Amino acid sequence: MADLSIDFAGVKSPNPFWLASAPPTNTGDQVMRAFDAGWGGAVWKTLGNPIVNVSSRFGGVDYGTQKLMGLNNIELITDRPLEVNLREIREVKKRYPKHALVVSLMVETKEEWAEIIRKAEDAGADALELNFGCPHGMCERGMGSAVGQEPRVLEEITRWAVEYATTPVIIKLTPNVGDITEPAEAAVRGGAHALSLINTIKSIVGVDLDRMVPLPRVGSASSNGGYCGPAVKPIALHMVSQIARHPGIQVPISGIGGIATWRDAAEFIALGSTSVQVCTAVMHYGYRIVEDMIDGLSRFLDDKGMKSVGELVGRAVPQYKEWGELDLSYRVVADIDANKCIGCQLCYAACMDGAHQCIHLPGRDERRALALGHLHFPKKVPARARDARPGTPEFRVPFVDEDECIGCNLCALVCPVPGTITMKEVPSGRAPETWNDRVAKGTDFVPGGLEATARARGKG
Amino acid sequence: MGELKLPGGRLEEKFEDAKPLYDDAEALAEANRCLYCSDAPCIQACPTSIDVPTFIRKIATGNIEGSAQTILAANILGYSCARACPVEVLCVGACVYNQWGREPIAIGRLQRYALETALRKRPRLLAGARKPATGRRVAMVGGGPASIAAAGLLALEGHRCVIFERKAIPGGLDVLGIAPYKLQANDALAEIAWVLGQGEIDLRTGVEVVDGEGSAPGQISARRLLEEFDAVLLGLGLGEDSKLGVPGEQGEGVVGATWMIEKLKSDPGYTLAGIRRALVIGGGNTAIDAARELARIGVPDVAMVYRRSRNEMPGYAHEWEGARLDGVRLIEKRVPVAILRDVNGKLVALQVAEAHEGRAVSSATTDIPADLVVLAIGQAKMTALARAFGGVQLDARGRVVVDPATHRTGNPRVWAAGDCVNGGKEVVNAVGEAKIAARDIDRVLRGAAD
């Protein structure tokens, strides 16, 4: 059985699964129920001067019958008095001494930072998370993402906090920037002990086309909100790994962004996170989802021969390279399993219109295929396609022209039956070579371009 | 005890699986359709309270072993139940999709997929953490699902279990009674072999527990079990198929339903060749099963003869619907009054009278030609064997009386579970009762205050 416990910048947690600062960590009762369910840590809903919220607060993006692929919120930080929150933090920490309790903070002035840090630490916080990322409501007041988007301000406030704090200071970054490494470097220069990212992405989820009001609607108007949930996972993974591979940043990362399953968590950890934070999936399904996260991650580590989460942290980071370092000679082609194919022909439609027209249907000769939009006719037509009779299920099973297939993956991605289309490695007959290799050798010129370029390169 | 496997050539092998094993893609698609309800009705509908939404979600997240473990934690015979349960009236019938007018989740098929997939990869999977040996010994009387389940659970608790099964083939109705198009005998036997691996379990087939001395070979007395074991679980099941008690009943061509199904499933020598017209007497699930099996194996004309009206048939509506689609006819409101034979004693016809409220009302009769008459009008209770354990009480219907919270009988060292208690229900009910009994046996064996 793998050891799931982690040490995050000095904060011990029985497992890497934390709740993010959000409605699920609004009250002490909630946090305790979450700990009872198995969560290793929680980041308290951001403390500051209590705000007033609007109604309604959330919007969602559904995808077909899948509800809440993305969630958008226009909710602000805590609307409860500071003393109530602090009292509950004290109680939770006393009852759950082994869980990680991080308190999120967002205030404006230096004096306010000094006061709230002292109060949060007196209440028993294991660490502090500075919210430099809220992308709505607070940034207009000079806080939240307004800070996250200004590296110099971010660095200064981080420095104050690190000076006042006796516990680790985690800086939570906003993704609403051009280059996430800039605020990350600023936080590290300011002395941050750790980073957490991503906060939510500025967004508008839709429009009420009858009232002509963006969503979610508050009376006769709306405003932009913060987007999160499974939809943002790829953006978060990129930003986490950008920081993880940065040679100048060595602090631990708490990864956030659409994590719903143990596999999502494992991916974030493999790309550099030491702990992960979850919000949307809990809001959708409840605290109970952590049971399979723990069970699944534990079995995964066992299967891979890893004894602890620490052995997984950053395992995929070295394989994240620049595009120019990718092997141009690596070749895969699509392979359609005729026994599993159900004949929907979505791969055919995708390849015809969205890729390279190399998926063919049985029953066509060369003339017909070219007339329908193919550019080449395959030299080898598989027997099953030659023998297929019209009107039979076999007649609907497409086949791949492997000579023309460029191995883009699109057909495998659209195929609805898992395991039907696989990308198989085939030898390209060429030695491994990257674009950077070609630049170094001077063989990076591809003919057929601009005259100006050809002249500049002495090829004109 | 050699490998538990029946030889080929049995009629059962001719049946196709009505719900074939899902492949990976089918399972993933169906699992993702599940809404992952909170306080799900399917859990409440399951007599063993399997956490259905969780095991299905684990299929969706790719944690198949976790899924199997979730099932087994609640139901150690989850594999049999996945294939044999009347899901239409249990979990699948309770699925919230029914409220929505949409197809309910195929819970049983997903359950089978999770267990078969996990056990294929890790055949020695344990249903739970195995505790150290306690030195306590428990005897199970009867080797059906109640005893098998209890033995598995108690063995994981560290107790030594000995199962006494009268027949050469263990498993009771789980092996010898489930319709072949749902679950075949060798698959149920493989599950039993797996359960035996959970801990110190000794399965003794061909050993009958009896009242009295038990000195004949292949016998052991109830008294000796009480002397030599710390606790006894009665998993007696039910007895022989009940008889009609009408003239001409004795002789070839008239068989009991569970007897016939057992033969069909386990005896390579059993044949139905030459049977063109079969009549099944009864209106319950055993009658419907027998009728469907005869129809599906190729008997051209199969009819059920029931003394009341179709609406009053106690069998599941969905099973009757399946029978109807299999081509089974129903002769309702008729009661058998005699079996007619030719001069050589060969079965010729069943003589029936019109019935009202289940009783013959007219002396006018009809003769229904038949080559085979199958009696599915109930089974005897194992009352004599139950009474061999002093203090065990029976109710007016011959069922062993237990405290429902503990399944302990009137004898403080004897517990009971399964058909001998509930009168004849499903495998899942046997497991549910065995869980209660096992938990209480464990509590008592560990010296908890009584």
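**Exercise 1.** In this predicted model, find the loop of chain A that holds Ile198(A). Which residue does a cis peptide bond join to Ile198(A)?

*Solution.*
- Step 1. Ile198(A) sits in the loop between strand 10 (194–197) and strand 11 (201–203) of chain A.
- Step 2. Leu197(A) is joined to Ile198(A) by a cis peptide bond, with omega about 10°.
- Step 3. Most peptide bonds are trans.

**Exercise 2.** Decide whether Lys333(B) is buried, partly exposed or exposed.

*Solution.*
- Step 1. Locate Lys333(B): the loop between strand 11 and strand 12 (334–341) of chain B.
- Step 2. Check the backbone. Lys333(B) is not a glycine, yet its phi is positive, about 55°.
- Step 3. Read the relative accessibility of Lys333(B): 40%.
- Step 4. Buried means under 20% and exposed means over 50%. Lys333(B) is therefore partly exposed.

**Exercise 3.** Work out the strand order of the open five-stranded sheet in chain B, and name its edge strands.

*Solution.*
- Step 1. The order is 8-15-9-10-11, with parallel pairing.
- Step 2. Strand 8 (254–256) and strand 11 (329–331) of chain B each pair on one side only, so they are the edge strands.
- Step 3. From one strand to the next, the twist averages 25°.
- Step 4. Strand 8 and strand 15 (residues 372–375) of chain B are joined by three bridges. Val254(B) has Val373(B) as its bridge partner.

**Exercise 4.** How many residues of helix 12 of chain B are buried?

*Solution.*
- Step 1. Helix 12 (residues 257–266) lies across strand 8 and strand 15 of chain B, at about 85° to strand 8.
- Step 2. Its buried residues include Ala257(B), Ile261(B) and Leu264(B).
- Step 3. Seven of the 10 residues are buried, so helix 12 of chain B is largely enclosed by the rest of the structure.

Technical notes:
Residues are numbered from 1 along each chain as its sequence is written. Chains are lettered from A and ligands numbered from 1 in the order in which they are written. This is a predicted model: local features need pLDDT of at least 70, side-chain atom pairs count only at pLDDT 80 or more; totals for chains, interfaces and linings use all residues. Side-chain values use heavy atoms; hydrogens and water are left out. Two strands pair if DSSP finds at least two bridges between them. Helices (H or I, at least four residues) and strands (E, at least two) are DSSP runs, numbered from the N terminus. Axes are lines fitted to C-alpha atoms, for helices over the stretch in contact, and angles run from 0 to 180 degrees between N-to-C directions. Contact means heavy atoms within 4.5 Å. Buried means under 20% relative accessible area, exposed over 50%, partly exposed in between (1.4 Å probe, protein chains only).
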